[in-house]
Amino acid sequence: MPPLSAAAVRLLLVGGGHAHIHLLRCAARAPLGASGEVELVLVSPFALHHYSGMLPGYLAGRRAERELAFDLRRLAAAAGARFVEAPAERIDGAARTVVAGGERLAYDLLSLDLGSQPANLEVPGVREHAFTVRPMARAIALRQRALELAAAGAGREVALTVVGGGAAGVEVALALERLGQQGPARPAVTIVESASGILPEFSPRLRRRATGVLAARGIRVRAGQEVASVEPHAVVLDDGTRLRSQLTVWIAGAAPPALLAASGLPLDARGFLLVDASLRAVDGSAVFGAGDCIGIAGH
């Protein structure tokens with residue numbers, strides 16, 4: 001990309017998250033600058049961004065993939081933005097550049113809406129034998145495998161394990177149980193949660209209600225136990241217990257995007273971009289963040 005003109009301000013959006021989709025929508029309705037005052041560039045490895053809030057509906061068979069998708073290329077074109085379909089490979093906060101698709105992109109303002117990545121993937125067997133729900137290709141493969149198991153045979157029990165009893169884990173467990181009802185086999189879903197119970201960050205009232213819903217749907221909960229390893233057809237707990245599992249879904253927390261580690265940007269103790277209440281990097285640099293890739297100072 002050529003260097004910026006003296007008059008132009010380049011706003012570089014890395015990631016196709018909700019904040020950036022909203023910004024593009026606003027820019028399409030009312031341009032951010034006249035006569036080339038603001039140059040918009042969107043960088044994303046995918047031309048389609050999928051809304052994670054509707055993912056359980058997709059896994060349950062109630063939503064089609066197209067209903068979850070935002071067309072980033074089309075949104076960028078409507079907003080007058082250049083779209084770079086490539087993963088961001090490196091951020092250099094000191095030099096104010098982002099490398100993507102082999103190109104070095106300079107910026108005046110940088111906004112990161114990268115999401116997060118699954119945590120604890122270093123547990124033995126997780127990468128080889130467990131499904132995650134991000135990126136969307138993994139969720140599509142997960143749903144296809146669940147449907148294959150549901151069609152295995154009338155009356156046969158299919159063991160499904162969801163590792164992680166937070167909001168996402170509970171929603172996915174319920175969705176897989178519902179999806180399993182579409183075949184002749186009987187789904188047997190188990191949630192494994194390291195905390196003393198499901199939804200540890202929510203109120204006791206909501207936790208009791210969710211526990212009742214899970215019980216009514218026949219979904220079992222193994223709380224207060226860590227997963228030691230994942231095998232092709234089993235989940236091994238830290239006390240040596242082996243849970244039969246024909247399909248294992250790994251939703252055991254969120255980790256920061258690896259891209260941030262060597263960026264030179266301020267990070268919190270876990271490695272997320274550290275921002276203030278205005279969502280600006282706490283060092284005062286021209287970097288902003290939104291969504292799951294940030295930590296807010298004081299929270």
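Guide: Helices (H or I, at least four residues) and strands (E, at least two) are DSSP runs, numbered from the N terminus. This is a predicted model, in which local features need pLDDT of at least 70 and side-chain atom pairs count only at pLDDT 80 or more, while totals for chains, interfaces and linings use all residues. Residues are numbered from 1 along each chain as its sequence is written, and side-chain values use heavy atoms, with hydrogens and water left out.

Visitor: Which elements each supply at least two residues of the lining of the largest cavity?

Guide: A cavity is a set of points, on a 1 Å grid over the protein atoms alone, where a 1.4 Å probe fits but cannot get out, and lining residues have an atom within 4 Å of a point. Grid points are joined across faces, edges and corners, and a volume is the space filled by probe spheres set on the points. Here the count comes to one cavity of 30 Å³ or more, and the largest cavity has a volume of about 50 Å³. H6, E12, H7 and E13 each supply at least two residues of its lining, with H6 giving the most, three residues. Among the lining residues are Ala146, Leu160, Leu176 and Pro187.

Visitor: How many of the 14 residues of H7 are buried?

Guide: Buried means under 20% relative accessible area, exposed over 50%, and partly exposed in between (1.4 Å probe, protein chains only). In H7, 10 of the 14 residues are buried, including Val170, Leu174, Leu176 and Leu179. Contact means heavy atoms within 4.5 Å, and what covers the buried residues of H7 includes helix H6 (136–150), strand E12 (157–163) and helix H8 (204–216).

Visitor: Is Val123 buried or exposed?

Guide: Val123 is buried, with a relative accessible area of 16%, although its place is in the loop between strand E10 (117–118) and helix H5 (126–129). Leaving aside residues up to four places away in sequence, Val123 touches Val227, Ala228, Ser229 and Trp250.

Visitor: In what order do the three strands of the open sheet lie?

Guide: Strands of a sheet pair through backbone hydrogen bonds, either parallel or antiparallel. Two strands pair if DSSP finds at least two bridges between them. The order here is E6-E7-E8, and the pairing is antiparallel. Strand E6 (88–92) and strand E8 (103–106) each have a single partner strand, so one side of each is left without a neighbour in the sheet.

Technical notes:
1 Å grid on protein atoms, 1.4 Å probe; cavity = no way out; pocket = protein on both sides within 12 Å on 5 of 7 lines; lining within 4 Å.
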